[in-house]
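Hi,

Here is the model I promised to pass on.

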Amino acid sequence: MNDYHITENGPATTIASKHPATNNFFSPRRFGRYCAKQIHEWKRGLLLQFFSLAGIYTILMFLYHPSDGEAPAITSTGIHILIWFGFFIYIAKSGSSLAEQIGRRSKRVLYLAVPASTAEKYIAHLLWTLILYPILFFAAIIVAQYASEIISSSIRGEVFNPGTPLQGMLTVWNDLYSLSTIIVWTISNIVTFTLGATLWQKNSFLKTIAALFLLGIIIIFFYTIFVGKAEFGSLFTYIAIGNYFENFKSIDLLWIINGVTIIESIILGYIGYMRMKELEINETKR
Amino acid sequence: MLQIDNLVFSYHKKKNPIFDGINLSIQPGAVYGLLGKNGIGKSTLLYMMSGLMFPHKGSIRLDGVEVKRRLPETLEKIFLVPEEFDLPAISVDAYVRRNSVFYPHFNRDQFNRYLTDFELEGTSNLAKTSMGQKKKYLVSFALATNTPLLLMDEPTNGMDIPSKSQFRKVIASGMNEQKSIVISTHQVRDLENMIDRIDILEGGRLLLDADTGTITSHLRFVKGVGEADTEGALYKVSTIAGYSAILPNPTGEESPLDIEMLFNYAIEAPDNLQRIFANPVK
């Protein structure tokens, strides 16, 4: 009755029988393939991000260029603040970018159907945000550093002095506390905004910021009600040098805060993973 | 291969369940036509079969493994062609290279052959192609993966008339004994001469789950006949060319199956249809 003719598929059966047992949680080979697939699919978008960042920071460094023209723009404190501020915003936005893959039904279907484990998909996202996006960001800063100097020297006739790559930005490596804080806060930032992306797929970035803001207000509210501290500014003082921690040096306390942040990141990361595991196709067509 | 047991699912707790105890077994070597009206749950059932949605009660297992666990070893045995999807902004070649590695039985020669059948050429940006072309690329890729289970949700939507004929040809050439293909559609004519088994969803249950041979041995389909020839018809409709009707088939004589007429009959008299297949007319 039907048009088709049955064709034997012998080799496929043979291959199937020789196929080794599959590791369904994490396979480095499959993970590598999944990462390669994603990089390939995103390369146009990543290039666009790179040039956008380089362009924005070129303009900022050009505008912030010291008037004496001797020191490179990247050494100015204002630029440092803008770079670190931009970095954390960019990383948070990248954490939220998971929502773009799972937001629309038409994208989510193909995302979930890829034969890779949830752990591999989740770890890939975290790794991109932790490694790829920071590399892309600082590479754009280096480009901006040189481009702004070229523009300054050609338009304003200032001495071309780009300095060393990321000059003045790398002092964090000299101090174990600063380094660990930046890493811990970056990871915390990533897992928080990734969790936000699994909770809200529309305007995930803004909603996560709003949720964090709300959480902050709730904490302060409970603090003032139950701990009896009416003054807003006394919060940090109370925690840092108050009754409970008077035996600690402030640096010890900051290590504790780092530790707490790590634990919080693990918890939020696990919740994010479980959310991904339970992710389904949404009801609405789009 | 794929076993659905007592599937219950509802989008809203207060409303009637969209599936109310569905049982279905998908076996290799057959093309299944999943038919039903718009919004009856055909897409939902396909998403559940591929593990992208979870049942509220019951289970769906592929080779004994719950598909909702979405294990890689399960996902590499299933390919779903959704009704609507986005393809990445990369070339066909790059798409194939990056995605075929997840499917152990992918065959590049087959893929190229399907592209030829669809009269498609390589493109440098899949995202910029029309929906019909995207469908043809994905159907070609899906068949070339040689997954044991291939699910297609309204695959002919967005295809022009020649493409629908090409689609039938491609499905026919891509079918073999190790595969089972489930095609959901409300455009039943698109499946003509292509399917082995018909499943009709209606009112939260599977109204009919039978192979075409069983259907035509129970029912006789006649077209362009006079009114006198439709006496005792279970279903009949007047057309320009005369009457088309479904009649009981006491002799078991084979007649060409008219899926559209069967579907209309199933919707019009669901209980009668179920009774016929529960107690075949002799």
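How many helices and how many strands are there in chain A? There are ten helices and zero strands, where helices are DSSP runs of H or I with at least four residues and strands are E runs of at least two, numbered from the N terminus. Read along the sequence, the pattern is α-α-α-α-α-α-α-α-α-α.

Before you go further, some housekeeping. This is a predicted model, in which local features need pLDDT of at least 70 and side-chain atom pairs count only at pLDDT 80 or more, while totals for chains, interfaces and linings use all residues. Residues are numbered from 1 along each chain as its sequence is written, and chains are lettered from A and ligands numbered from 1 in the order in which they are written.

Chain A has 286 residues, of which 26% count as buried (20 or more other C-beta atoms within 10 Å of the residue's own, with C-beta atoms placed from the backbone). Of the contacts in chain A between residues at least 6 apart in sequence, 75% join residues at least 24 apart; a contact here is two C-beta atoms, placed from the backbone, within 7 Å.

Now the interface. Chain A puts 35 residues into the contact and chain B 39 residues. On the chain A side, helix 1 (10–18), helix 2 (28–63) and helix 5 (105–113) each supply at least two residues, and helix 2 of chain A gives the largest share, seven residues. By class, that side has 14 nonpolar, eleven polar and ten charged residues (nonpolar: Ala, Val, Leu, Ile, Met, Phe, Trp, Tyr, Cys and Pro; charged: Asp, Glu, Lys and Arg; polar: the others, Gly among them).

Next, the cores, meaning sets of buried Ala, Val, Leu, Ile, Met, Phe, Trp, Tyr and Cys residues joined through C-beta atoms within 7 Å. The largest nonpolar core has 92 residues, and B:Met49, B:Leu151, B:Ile181, B:Val182 and B:Ile246 have the most contacts inside it. Helix 5 of chain B provides the largest share of this core, seven residues.

Helix 5 (residues 131–145) and helix 6 (residues 161–174) of chain B have axes that come within 10 Å and cross at roughly 5°.

Cheers

Definitions and conventions
Axes fitted to C-alpha atoms, helices over the stretch in contact; angles between N-to-C directions. Buried ≥ 20, exposed ≤ 12 C-beta atoms within 10 Å, placed from the backbone.
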